[in-house]
Amino acid sequence: MDLSLIIMQLFSGIALGAVLVITALGLTIVFGMLGVVNFAHGALFMIGAYAGLYLASLTGSFWWGLLLAPLLVGAFGMLIERVLVRRLYGRSVDDPLLLTFGLSYILVEGVRIVFGSDGIPFPTPSQLIGVVDLGFGFFPKYRLFVIALVAVVLLALWLMLEKTRVGLIVRAGARDPQIMRVLGVDIGRVWLAIFGLGVGLAALGGVLAGPMRSVNPEMGTLVLAEAFVVTVIGGLGSIVGAVVAGLMVGVCISMVALFAPEMATIVMFALMAAVLLVRPQGLFGLKGRA
Amino acid sequence: MPSYNRPGPGGISRRNALLGASAGIATLAMPRLGRAADETIRIGFPTPLTGPFAAEARDQVKCAELAVKLVNDKGGIAGRKVELLVRDDKLNAGEAATRTLELIEKDKVHAVVGALSSAVQLAVNEVTRARGVIYVSISQSDTINEAKDFSKFTFHEALNPHMTTAAVARQTLKKGMKVAHLVADYAYGHEMLRGFKRAQAAIGADTVGEILHPFGAADYSTFMPRLMSLRPDVLCISNFGRDQANAIKQAVDFGIKQQMKIVVPVILHNQRLAVGPDVFEGVVGGANYYWGLETQNKTAAEFNAAFRAANGGAIPTDYGAYGYSGVGSLLMAMQAAGGTETDKVVAALEALQYDLTKGPQHYRKCDHQSVQSVLVLESKKKSAMANDSDLFAIVANDPGADEMLRSCSELGHAT
């Protein structure tokens with residue numbers, strides 16, 4: 001087995017990890033800030049793919065789909081927060097979990113009714129068809145684009161949370177919403193925006209996954225499981241954790257795929273079990289939170 | 001999603017009243033079937049209506065319903081109407097066994113047709129053969145032909161991996177070629193791999209690598225570097241349903257088609273539709289049926305016409321045709337037997353010569369495998385398609401012959 005194959009395999013793992021990061025990010029942000037475990041995350045990922053496909057065919061451009069679908073689905077997420085999730089704040093964590101679990105079934109069935117249960121083709125944008133020679137192997141242009149976009153989104157998120165006034169309010173709100181209220185901050189609006197952001201990120205993941213997989217109503221099911229594994233390994237609520245864990249899981253899957261390909265799915269659950277044994281709160285999780 | 005609605009505690013709320021009302025309507029719509037004096041002939045039909053094979057399963061149901069309708073339109077069998085009882089097996093062997101048991105014990109079906117996964121059909125077969133109920137399987141399997149899983153009640157209408165892979169290999173492999181395999185890690189994949197390797201041995205093509213992938217995987221990118229480093233002439237991708245669409249799509253993204261030819265044991269109509277012509281262009285695979293056969297086969301033209309008439313001009317698909325011929329051959333045998341008495345129907349099936357979708361077929365005596373033609377198809381380039389349904393070119397149409405099958409003695413049957 002030559003070195004270039006191993007490097008190529010590592011690189012595939014990082015690319016796969018980037019997709020995992022983007023799906024886990026929305027889940028972990030919503031939990032970290034709102035304490036809501038969003039079981040509809042996978043379904044909203046799927047909705048994002050369908051919305052992206054629909055908008056792309058409507059406008060004739062993948063790029064409009066990529067831009068508009070997360071915004072629209074994010075707005076839909078805000079509607080869900082305002083109408084459904086908001087009523088359950090302050091109750092046990094199980095209640096919003098059950099609510100979003102039910103919601104995921106409604107969304108999947110809804111899409112089946114509107115678009116049918118067959119897969120729908122989602123063409124790769126013409127500018128990104130083909131492969132690039134990386135020196136150690138050929139890699140699809142589109143997947144390179146996904147890595148770059150995920151990096152940009154992460155940077156933007158970090159800047160927003162760490163360097164802006166809004167970010168300050170968000171971080172403070174996650175720590176102590178009571179004090180924020182006393183200080184005159186309308187924390188309800190912050191939660192609304194955060195939920196919308198989380199859902200928008202799920203949708204972005206869906207649009208990005210569209211050209212790599214067939215788009216179908218069940219495409220979110222596996223994604224939800226993957227996002228949870230990444231979130232749990234990284235620590236529920238930790239953004240850094242989601243990034244590190246996402247890349248770690250991606251590389252693990254990839255290396256296992258090289259030596260024992262039939263174990264490629266199982267390995268992420270094994271990794272999760274191993275991490276939980278050593279650090280029950282996850283790699284970057286706070287004690288008592290997970 | 002089917003569910004067992006249980007009214008919650010407390011008095012009659014509006015929700016409970018609605019539940020009760022809808023349950024009542026459901027009961028009216030589906031009259032109880034336990035009545036022994038009922039003259040209706042009931043055929044159980046478990047198939048994975050939900051999950052990654054949902055598209056294929058739905059076509060099976062449509063075609064099975066068509067076969068039933070055509071018989072009922074002609075007055076049924078010996079004056080009795082035929083009814084199809086469709087159940088969702090969720091692509092799960094346990095679920096399928098439970099549903100089949102229910103069909104037999106509660107709904108008192110006279111025979112079972114269906115299943116779409118090699119593992120699930122074996123579970124259905126376990127239940128039916130233990131209870132002496134006829135089962136016509138319409139999912140690919142080699143195992144079901146073997147003496148171990150066989151019973152006189154077990155019939156196999158679908159092609160089996162041995163027939164399919166041999167036909168595909170004959171068209172695509174040559175002596176000295178290097179072949180790599182990407183295989184779904186479950187019964188179907190393993191059987192296809194075995195079939196291909198047997199065909200390769202006969203042709204003289206070498207295997208340079210085998211990669212098993214987890215069933216139902218969404219991402220195949222991590223298998224691609226290894227497959228490319230093997231530098232094969234042909235890549236055989238042996239998986240089914242959405243796995244096929246995703247694996248081929250991602251292989252194409254990695255530029256695999258520039259290096260090697262992609263071959264699949266069974267090229268799926270619905271999956272080709274799901275990822276588009278550019279991705280599938282040039283992919284070669286086997287099939288039991290393709291609607292385009294109508295230009296060279298009269299039966300296919302008639303079957304297409306009947307399906308179009310019943311489904312608003314739509315065309316039948318590969319796995320759909322299995323639903324039609326599986327139920328259709330069973331009903332023909334019941335017609336010949338003059339009813340549903342199991343031993344007589346088994347004898348009638350064994351003696352049956354039928355031509356329902358694509359030319360003459362019959363069930364071989366020793367293992368009840370349907371001897372039938374095998375198509376080899378190549379996915380067309382977008383510019384070569386005459387219309388949206390013009391998906392494949394027919395590369396070969398091998399007529400059915402006993403020599404295509406493994407011999408009865410090899411399968412362990414007394415000869």
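The structure is a predicted model, in which local features need pLDDT of at least 70, side-chain atom pairs count only at pLDDT 80 or more, and totals for chains, interfaces and linings use all residues. Residues are numbered from 1 along each chain as its sequence is written, chains are lettered from A and ligands numbered from 1 in the order in which they are written, and side-chain values use heavy atoms, with hydrogens and water left out.

Start in chain A. Helices (H or I, at least four residues) and strands (E, at least two) are DSSP runs, numbered from the N terminus. Helix α2 of chain A covers residues 41-59, and helix α3 of chain A covers residues 62-83. Their axes come within 8 Å and cross at roughly 135°. Axes are lines fitted to C-alpha atoms, for helices over the stretch in contact, and angles run from 0 to 180 degrees between N-to-C directions. The angle makes α2(A) oblique to α3(A). Under 35 degrees counts as roughly parallel, over 145 as roughly antiparallel, 65 to 115 as roughly perpendicular, and the rest as oblique.

Which residues meet? Among them are Leu44(A), Ile47(A) and Gly48(A) of α2(A), and Phe62(A), Trp64(A) and Gly65(A) of α3(A). Contact means heavy atoms within 4.5 Å. This contact of α2(A) with α3(A) has 13 nonpolar residues, four polar and no charged. Ala, Val, Leu, Ile, Met, Phe, Trp, Tyr, Cys and Pro count as nonpolar, Asp, Glu, Lys and Arg as charged, and the others, Gly among them, as polar.

Now take helix α1 (residues 3-34) of chain A and helix α9 (residues 219-234) of chain A. They pack at about 75°, with axes 8 Å apart. That makes α1(A) roughly perpendicular to α9(A). Leu20(A) and Thr23(A) are among the α1(A) residues in the contact, and Val223(A) and Glu226(A) among those of α9(A). The contact of α1(A) with α9(A) holds seven nonpolar, three polar and one charged residues.

Next, the two chains together. Chain B gives 31 residues to the contact and chain A gives 37 residues. About 2,800 Å² is buried between them, with 56% from carbon and sulfur atoms. Buried area is the accessible area (1.4 Å probe) that two parts lose on being put together, summed over both. Three salt bridges link chain B and chain A. A salt bridge is a side-chain nitrogen of Lys or Arg within 4 Å of a carboxyl oxygen of Asp or Glu. Arg58(B) pairs this way with Asp118(A), the closest N and O atoms being 3.2 Å apart.

Over all chains there are 31 salt bridges. One of them joins Asp343(B) and Lys152(B), at 2.8 Å from N to O. Asp343(B) lies in helix α14 of chain B, and Lys152(B) in the loop between β4 (134-137) and β5 (154-156) of chain B, so the pair ties together parts 191 residues apart in sequence.
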